[in-house]
Amino acid sequence: MKKEISLYIHIPFCVRKCLYCDFLSAPAKEAQISRYVELLVKEIAVRGREYGDYRVKTVYIGGGTPSLLSGGCILQIMTQVYRCFWVEKNCEVSLEANPGTVTYEKLTAWREAGVNRISLGLQSLQDGELKALGRIHDSSTFFATYRMVVESGFNNINIDLMSGIPGQSLESYKDTLKKVVKLAPGPKHISAYSLIVEEGTPFYENTPQLPDEECDREMYALTDEFLSQYGYRRYEISNYALPGYECRHNIVYWRRGNYLGLGLGAASLVENVRFCNARKIEDYGKIEERQILSQKEQMEEFMFLGLRMTEGVSYGEFSACFGADIDLIYPGTVELFRQKGLLWQRINEETGEKRIGLTAYGMDVSNYVMAEFLLTV
């Protein structure tokens with residue numbers, strides 16, 4: 001039986017950088033994009049030989065703006081993936097797309113390439129807020145794009161939303177949520193994140209006026225309360241899905257499964273070894289960072305990544321991985337946070353499985369909780 005692995009394919013191009021973006025991406029000319037695709041296709045062949053013992057369970061094409069590429073380029077990339085890797089028949093294949101860069105011709109090519117999940121970078125349905133972020137689209141462009149995606153036969157659609165945007169109010173955020181859930185048909189998945197001003201971005205150099213902390217907390221609380229009324233289940237701190245439509249690729253990250261990054265700057269974790277591709281085109285093919293994770297580091301990641309999910313972490317799985325009990329490795333920590341109302345602890349009466357996870361209050365202060373699962377020795 002082949003071991004499982006997921007593929008992340010990075011497309012480092014965009015129409016223009018958004019004012020908050022710190023991802024590896026930049027505008028590029030057609031010749032640069034073509035050259036990059038050539039290098040990527042060659043890398044896929046090399047990695048396919050190296051990881052022939054694995055079966056691919058998910059593929060995620062991210063960026064940047066993958067939808068900026070021609071349909072032929074995406075088809076070329078995915079054809080090489082199918083040629084060089086053992087891909088499961090029910091593989092989840094996601095592609096990030098930005099409104100304003102999507103056409104029917106591209107959508108047809110994506111379906112031919114095996115793409116079965118589209119992630120649309122909306123952020124907001126308020127034109128002033130979109131302009132403040134430096135997005136290239138407005139609300140009408142999004143609605144037109146969404147209609148094209150649906151009419152092209154895509155059923156599994158994610159929409160990215162953002163709170164804490166310059167000029168945003170609780171009322172405007174709620175209006176965006178209402179319009180998103182009333183789309184027909186509605187999206188199967190919603191990712192809702194709060195804006196973080198990252199170093200090296202225009203927002204960091206010249207930070208605009210942002211909603212105050214109280215308003216930001218109200219938007220955070222509203223997201224879960226509102227979306228749950230429409231059948232969306234929160235399965236991770238920032239992600240909501242209708243039953244059966246949780247993002248399988250991202251779950252691989254949170255459960256510390258094997259994933260292989262392809263393209264500039266793409267990160268990987270395979271058999272507890274982390275490595276990252278070079279970030280500059282002239283260094284394409286080189287590995288810039290490689291780290292063999294110690295058991296201590298593996299335990300830490302198991303806890304603070306697993307606790308991001310509402311299902312929490314399993315005592316049995318921890319013991320199977322590390323040959324130790326959570327309460328012995330973290331003496332008193334779980335009980336302390338239970339008493340504070342930050343963690344829940346449950347035992348399945350039928351299976352006897354014991355799990356812990358973040359309460360709603362714990363999710364509000366998740367960084368504080370997760371920091372306590374970093375081992376000091």
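R233 is partly exposed, with a relative accessible area of 42% (buried means under 20%, exposed over 50%, partly exposed in between; 1.4 Å probe, protein chains only). The model is predicted: local features need pLDDT of at least 70, side-chain atom pairs count only at pLDDT 80 or more, and totals for chains, interfaces and linings use all residues. Residues are numbered from 1 along each chain as its sequence is written, and side-chain values use heavy atoms, with hydrogens and water left out.

**Exercise 1.** Find the salt-bridge partner of R233 and state which parts of the chain the pair ties together.

*Solution.* 
- The partner is E246, with the closest N and O atoms 3.2 Å apart (a salt bridge is a side-chain nitrogen of Lys or Arg within 4 Å of a carboxyl oxygen of Asp or Glu).
- R233 lies in strand β7 (residues 233-236) and E246 in the loop between β8 (239-241) and α9 (248-254), so the pair ties together parts that are 13 residues apart in sequence (helices, H or I, have at least four residues and strands, E, at least two; both are DSSP runs, numbered from the N terminus).
- E246 is buried, at a relative accessible area of 19%.

**Exercise 2.** Describe the salt bridge between R274 and E301.

*Solution.* 
- The N to O distance is 2.8 Å.
- R274 belongs to strand β11 and E301 to helix α10, so this contact ties together parts 27 residues apart in sequence.
- R274 is partly exposed at 21% relative accessible area, while E301 is buried at 11%.
- The whole structure holds 20 salt bridges.

**Exercise 3.** Work out how R217 and E213 are placed in helix α8.

*Solution.* 
- The two residues are 4 apart in helix α8, which means a separation of about one helical turn.
- E213 is exposed, with a relative accessible area of 61%.

**Exercise 4.** Trace how β10 pairs with β11.

*Solution.* 
- Strand β10 (residues 267-270) and strand β11 (residues 273-277) are antiparallel, with 4 bridges (two strands pair if DSSP finds at least two bridges between them).
- S268 has F275 in β11 as its bridge partner.
- The hairpin has 2 residues between the strands, and E271 takes a positive phi near 50 degrees there.

**Exercise 5.** Determine how strand β1 is covered and paired.

*Solution.* 
- Of the 9 residues in β1 (residues 3-11), 7 are buried.
- β1 pairs with strand β2 (residues 54-63) in the parallel sense over 9 bridges.
- H10 has G62 in β2 as its bridge partner.
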